[in-house]
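Good morning, and thank you for joining. Please look at the sequence and the model first.

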Amino acid sequence: MNIRLSKVFERCKREGHAALVGYLTAGDPDIATSRELLHALADQTDILEIGMPFSDPMADGPVIQAASERALEAGVHIGDVFSLTRSVRETHPDLGIVLMGYANVPYAMGFEMFAENAQDAGADAVLIVDIPPEEGHICDAALKKHNLDRILLLSPTSTDERIRLASENGSGFIYYVSLTGITGADMGDINLIRNKVTHIQSMSDMPVCVGFGVKTPEQATQVAQFADGVVVGSHFVSRISEAKDNDAILATLIDSASQMRKAVTSVSTAATA
Amino acid sequence: MNASFQHTDFASMYDLEIKHPPDAGGHFGRFGGRFAAETLMQPLKEIEEAFFDAWNDDAFHAERLQLLENYVGRATPLYHAERLSRRIGGAQIYLKREDLTHTGAHKINNTIGQGLLARRMGKKRVIAETGAGQHGVATATVAAMFGMDCDIYMGREDIARQMPNVLRMRLLGANVIPVDSGTATLKDAVNEALRNWVASCENTFYIFGTAAGPHPYPLLVRQFHTVIGQEARAQILKQAGRLPDVAVACVGGGSNAMGLLHPFRDDESVRLVAVEAAGYGLSTGKHAASLAAGKAGILHGNLTFLLEDEEGQVTGTHSISAGLDYPGVGPELAFMLEEGRLQLDAATDDEALEALQLLTRSEGIIPALESSHALAAGARIAKTMHSNQIVLINLSGRGDKDMNTVFKHLGWLENES
């Protein structure tokens, strides 16, 4: 396990709250604005997920699809994703950083070169939506060599066999997809999520972060009561499309992020941990 | 088997052994696999298990083959196109007449199979992507027959150029859902269908239209279409007394190509030719020839050849034929190409249009624009051969749906675009 990510979860546990994990697509809406937004979100989160834009984001809802399209239209290249990552790392030495995206971008570069660049830029982990444990043979060795955790997903459809598979093949944390659907959809029944997350926690030593569908501070507070981390993605990304100019984006993102921060840290996990 | 067949030898024509299967993970060499989101991994495994369970069940095949005979109209004829052959002046051309199936294209072979699987799994709703609309129509048809709800995802661009098929789907009771994301063509329709399926997999079966996608779809679609090649093989042996020298099929994702070519894979004397859409020409970059001009990549659940830029962003494609307008290709075709078993050819938009007219005028058969690509390349190959040799071409669909496109290109209709 990458040391920085494990330290993030140790620190959160010590402070008695769940980790706040924030997502933005790199280069959305343009590289310069994206740098400011990523830095602002990094200030408020324990772990930052930096999305690598892709032409065919099959697991994403309209909000993150549009973010990918804006970034690609702005001419964002994979090299820009690495330099944005590096820029955040320089000012945030303790932040956990996860590069998130789809298989074809790292595959086109070659996983060895991709992992080398990601490590060099300061990333701690990689989450590839469409590489399940069964297909890890194409990337696992390269990620391991470059000390990158491989974040695997679990979902409501994951059987015990799949929970074991993710525990054995993943590292860093488990990303639990709270709903059967795409990013930004409506969060499901909190009790079902709690039951599944508690079950996964009982089967795995890894921290479990819950994402997809967390849009309000109230939901974040609910999830923070039992999860080791709360992932907020589409809600932050939607600040970009809804604001009227770049200054407004930054202001509303900072506002949203600090509300989410408050929501997550307001819950003491000391009793449930 | 106890179903009633009109021809007693009908069912015995088919070999139900699964030849050249992928490995347990669905890999054909380095291609294929199951590159899917976690939520879909369990549903895909369930389809895989249901498929193998069904394939080993005589009752499943009895019902499937009975429907193929009495509903679809199989076996489709193998037609010796003598006038066309003389006109080209080379090998004898035989056409496998998939255009004569119910709904007018080979696609129904697969939707019957997957529809039966869906019913077997207790799913009440089916979804599908479609490009030219042929797979959408075939899916809507089966949904109507089995009494299932049906949503078809179709790029807005394709809806505009294939309106007759859109209306047919509506008439059959399906919802046609326009897709505006990305390039608004087939690949985006697949993305949208996948997004819906992630949210609905509990009650919904995704009837995938081509021999691509995550395991088990490439295997499943191939198996349901091998009736084409198995029939053709038996028919040519009967009619000509020997195997063809060349077998030719067009390739978008690869369903009709796998259907015709796969049963000849072990016949070493038969050259297998896959014809891709060269659009405005391979050198223009505006085409859909992923085998000829693509590189290995991962999209829609499988590792295969893709048209993409140097950073792995999937690029838009161009073909006059909506059914070939796809930036990927089935993983088994990619494997057969690397293995050296498959030969590549390509036909431009113009060549396909010419071939369409040539067949229409010489034989009175109006082929689909997709199939016209196979005809164009097949005719070119036949011309270099001797008159006692045989070229077998898959006439995968009929041309009715393409008449607007063709008339516009011929200048018979005012060009609106």
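What is the mean pLDDT of chain B, and what percentage of its residues reach 70 or more? The mean is 95, and 97% of the residues of chain B reach 70 or more; pLDDT is the predictor's confidence in each residue, from 0 to 100. The model as a whole scores ipTM 0.96 and pTM 0.95. This is a predicted model, in which local features need pLDDT of at least 70, side-chain atom pairs count only at pLDDT 80 or more, and totals for chains, interfaces and linings use all residues. Residues are numbered from 1 along each chain as its sequence is written, while chains are lettered from A and ligands numbered from 1 in the order in which they are written.

Let me turn to the overall form of chain B. Its C-alpha atoms fill a box of roughly 55 × 55 × 40 Å along the principal axes. For 417 residues, a compact globule would have a radius of gyration near 22 Å, and the 20 Å of chain B agrees with that; the radius is taken over C-alpha atoms, and the globule rule is 2.2 Å times the number of residues to the power 0.38. Of these 417 residues, 61% count as buried, meaning that 20 or more other C-beta atoms, placed from the backbone, lie within 10 Å of the residue's own.

Chain B has 15 helices and 14 strands, which are DSSP runs numbered from the N terminus, helices (H or I) of at least four residues and strands (E) of at least two. Four strands of chain B form an open sheet in the order β7-β6-β5-β8, with parallel pairing; two strands pair if DSSP finds at least two bridges between them. β7 (175–179) and β8 (204–206) of chain B are at the edges with a single partner strand each, so one side of each has no neighbour in the sheet. Within this sheet, five bridges join β6 (residues 149–155) of chain B to β7(B), and B:G155 stands opposite B:V179 in β7(B).

Finally, the contact between the chains. It takes 32 residues from chain A and 29 residues from chain B, where contact requires C-beta atoms, placed from the backbone, within 7 Å. On the side of chain A that touches chain B, the elements giving two or more residues are α3 (62–73), α5 (104–109) and β6 (152–154) of chain A. The largest share, four residues, comes from α5(A).

Conventions: Two residues are in contact if their C-beta atoms, placed from the backbone, lie within 7 Å. A residue is buried if 20 or more other C-beta atoms lie within 10 Å of its own, exposed if 12 or fewer, and partly exposed in between; C-beta atoms are placed from the backbone.
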